[in-house]
Amino acid sequence: MDKISNDIDNNQQMPQAEIHSLMNILKNLPQVKQQIIKPKQKQKSKKEEYLPEDIVKIVERDILGMKT
């Protein structure tokens with residue numbers, strides 16, 4: 001997100017792959033919001049697996065551009 005913002009601010013053309021990735025993220029945001037709300041309503045099974053915290057941090061930093 002930071003790179004895209006900088007490209008827009010500097011009037012640089014964004015690579016098509018970045019635009020496509022951003023559109024996919026934006027398209028899926030409503031589904032993510034629903035998944036955040038629903039776990040409160042259902043019980044979690046013991047077989048549910050989660051991503052390790054270090055993987056989540058890498059995705060947040062490298063893909064989503066979030067600073068941790």
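Glu 53 and Lys 57 are separated by about one helical turn, being 4 residues apart in helix H3. In this predicted model, the two residues form a salt bridge in which the closest N and O atoms are 3.3 Å apart. Glu 53 is exposed, with a relative accessible area of 56%, whereas Lys 57 is partly exposed at 41%.

The count of salt bridges comes to 4. In helix H1, which spans residues 2–9, Lys 3 and Asp 7 likewise lie 4 residues apart, about one turn of the helix. Their closest N and O atoms are 3.1 Å apart, and the pair forms a salt bridge. Lys 3 has a relative accessibility of 45% and therefore counts as partly exposed; Asp 7 is buried, with a relative accessible area of 6%. Arg 61 is partly exposed, at 47% relative accessible area.

A nonpolar surface patch of about 900 Å² was also identified, including Met 23, Leu 26, Leu 51 and Ile 63. Helices H2 (16–37) and H3 (53–63) each supply at least two residues of this patch. Leu 26 is located in helix H2 and counts as partly exposed because its relative accessibility is 45%.

The average pLDDT of the chain is 76, and 79% of the residues score at least 70. Where pLDDT is low, the predicted coordinates should not be read in detail.

How values were computed
Residues numbered from 1 in each chain as written. Predicted model: local features only at pLDDT ≥ 70, side-chain atom pairs only at ≥ 80, totals over all residues. Heavy atoms only, no water. Patch = residues over 30% accessible without salt bridge, like charges linked within 9 Å, V, L, I, M, F, W, Y side chains within 5 Å. Areas by Shrake-Rupley, 256 points an atom, 1.4 Å probe, with all protein chains shown as cover. Salt bridge = Lys/Arg side-chain N within 4 Å of Asp/Glu carboxyl O. Buried < 20%, exposed > 50% of the residue type's maximum accessible area, 1.4 Å probe, protein only. pLDDT = per-residue confidence, 0-100.
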